Every structure is written in structure tokens, then in C-alpha cells.
Amino acid sequence: MMSKFLETSKNLEREKEDKLSAKEVCVLLLCGAIIGFLNGFFGGGGGMICVPLLENVLHLGSKYSHATAIVIIFPISFISAIIYLLSGTLETLPLVTVGLGVVVGGILGSFALKLLPPKALRVIFALIMLAGGVRLII
């Protein structure tokens, strides 16, 4: 009976930890809107904002942040793609060839995410962000 009481109290503590304050909810909604806008406007890149947000605001680990960002970005990308398709701003050949590469790369990346230690993941992510920033400047 005592162990059941301890288990119940631990579950209550976890529920308290999982709840967000009104301020945190507002910050997350605002950041989500910014991520969605950036992803729709640039055709991608929302994950570059989403991952640090999940790590710093929700205190998720690196692997959980990256996996969650992908799940968040997928519907945004899908909806953006439909809008671009309906507006006639898509080219078929790049869509098919790059799309195939993205699918294969996404599958390989999801397996790599499971294998890499969190520190290596953070370093790789930071290097990619740095390379992207340098490339935009040059």
C-alpha cells in the first residue's frame, strides 16, 4: 500500500512538471507562429529555430528536440507545398529529384539520430547552422 502511495505521488509530481505557465504557453505560441512563418516564407529552415526553442524553453534533450521539430515541421511543409503547388510556383523535375533525396536522407537521418550521442548531435547541428549563416553572407 505504501508503494502505491509513493507511485501516485511521483505521478502527481510529473504532472506538475509537465504543466506550462500561461507565459510559457504564450511564448511557445508566438515562437510557433514565427517558425511557421519562416518555414512557409523560406520553404524550410523552421527547424533551425524550433530545435533551440524546444531545448531552451521546454528543456527537452537534443534527440527529443530534433525528433519533435521534424514532426512539427512536417505538416507546415506539407501545407506550404500545397499552397506553392496551387499557385503554380513549383518545377516538376526539381520537385521529384530533390524530393526523392529528401525522403532517403530523412530516413537515414532518423536512424542516425538514434545512434549519435546528444553532444555530437549538438555539435553537428551548430556546425550546419554556422555553415548556413556563412553561406548566406558570402
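Contact here means heavy atoms within 4.5 Å. The structure is a predicted model.

## The chain as a whole

The chain holds six helices and zero strands. Read from the N terminus, the order of elements is α-α-α-α-α-α. Of the 138 residues, 14% count as buried. The accessible surface comes to about 10,700 Å². Carbon and sulfur atoms account for 75% of that surface. Take the contacts between residues at least 6 apart in sequence: 57% of them join residues at least 24 apart.

Two packed helices are described by the angle between their axes and the distance between the axes.

| Helix pair | Angle between axes | Axis distance | Handedness of crossing |
|---|---|---|---|
| α3 and α6 | roughly 140 degrees | within 11 Å | left-handed |
| α4 and α5 | about 165 degrees | 10 Å | left-handed |
| α2 and α4 | about 40 degrees | 9 Å | right-handed |

## α3 with α6

Helix α6 covers residues 118-137. Its axis and that of α3 come within 11 Å and cross at roughly 140 degrees. The crossing is left-handed. On the α3 side, the contact involves G47, M48, V51, P52 and E55. On the α6 side, they meet R122, F125, I128 and M129. By class, the residues of this contact are six nonpolar, one polar and two charged.

## α4 with α5

Helix α4 spans residues 62-87, and helix α5 spans residues 92-115. They pack at an angle of about 165 degrees, with axes 10 Å apart. α4 is therefore roughly antiparallel to α5, because angles over 145 degrees count that way. The crossing is left-handed. K63, H66 and A67 of α4 meet L113, K114 and L115 of α5. The residues of this contact divide into three nonpolar, one polar and two charged.

Two residues of this contact deserve a look of their own. Is H66 buried or exposed? H66, in helix α4, counts as buried at 11% relative accessibility, because the cut-off for buried is under 20%. Leaving out residues up to four places away in sequence, H66 touches V51, L113, L121 and F125.

K114 sits in helix α5. At 61% relative accessibility, K114 counts as exposed, since exposed means over 50%. K114 and A67 are 47 residues apart in sequence. Their C-alpha atoms are 9.8 Å apart in space.

## α2 with α4

Helix α4 also packs with α2, at an angle of about 40 degrees. Here the axes are 9 Å apart. The two helices are therefore oblique to each other. Their crossing is right-handed. From α2, the contact takes in I35, G36, N39, G40 and F41. From α4, it takes in I73, I76, S77, S80 and Y84. Five of the residues are nonpolar, five are polar and none is charged.

G40 is one of the α2 residues in this contact. Helix α2 covers residues 22-42, and G40 lies in it. Leaving aside neighbours within four places in sequence, G40 is in contact with S80 and Y84. G40 and I83 are 43 residues apart along the chain. The C-alpha atoms of G40 and I83 are separated by 9.3 Å.

## A loop residue: H59

Where does H59 lie? H59 lies in the loop between α3, residues 47-56, and α4. Most residues other than glycine have a negative phi. Phi of H59, however, is near 60 degrees, a positive value. H59 has a relative accessible area of 63% and is therefore exposed. H66, by contrast, is buried.

## In brief

Six helices and zero strands make up the elements of this predicted chain. α4 packs with α5 and with α2. α3 crosses α6. The loop between α3 and α4 carries H59, with its positive phi.

Note on methods
Residues are numbered from 1 along each chain as its sequence is written. This is a predicted model: local features need pLDDT of at least 70, side-chain atom pairs count only at pLDDT 80 or more; totals for chains, interfaces and linings use all residues. Side-chain values use heavy atoms; hydrogens and water are left out. Helices (H or I, at least four residues) and strands (E, at least two) are DSSP runs, numbered from the N terminus. Buried means under 20% relative accessible area, exposed over 50%, partly exposed in between (1.4 Å probe, protein chains only). Accessible areas come from the Shrake-Rupley method with a 1.4 Å probe; for residues, only the protein chains shown count as cover. Axes are lines fitted to C-alpha atoms, for helices over the stretch in contact, and angles run from 0 to 180 degrees between N-to-C directions. Angles under 35 degrees count as roughly parallel, over 145 as roughly antiparallel, 65 to 115 as roughly perpendicular and the rest as oblique. A crossing is left-handed if the near helix is turned anticlockwise from the far one by less than a right angle, and right-handed if clockwise. Ala, Val, Leu, Ile, Met, Phe, Trp, Tyr, Cys and Pro count as nonpolar, Asp, Glu, Lys and Arg as charged, and the others, Gly among them, as polar.
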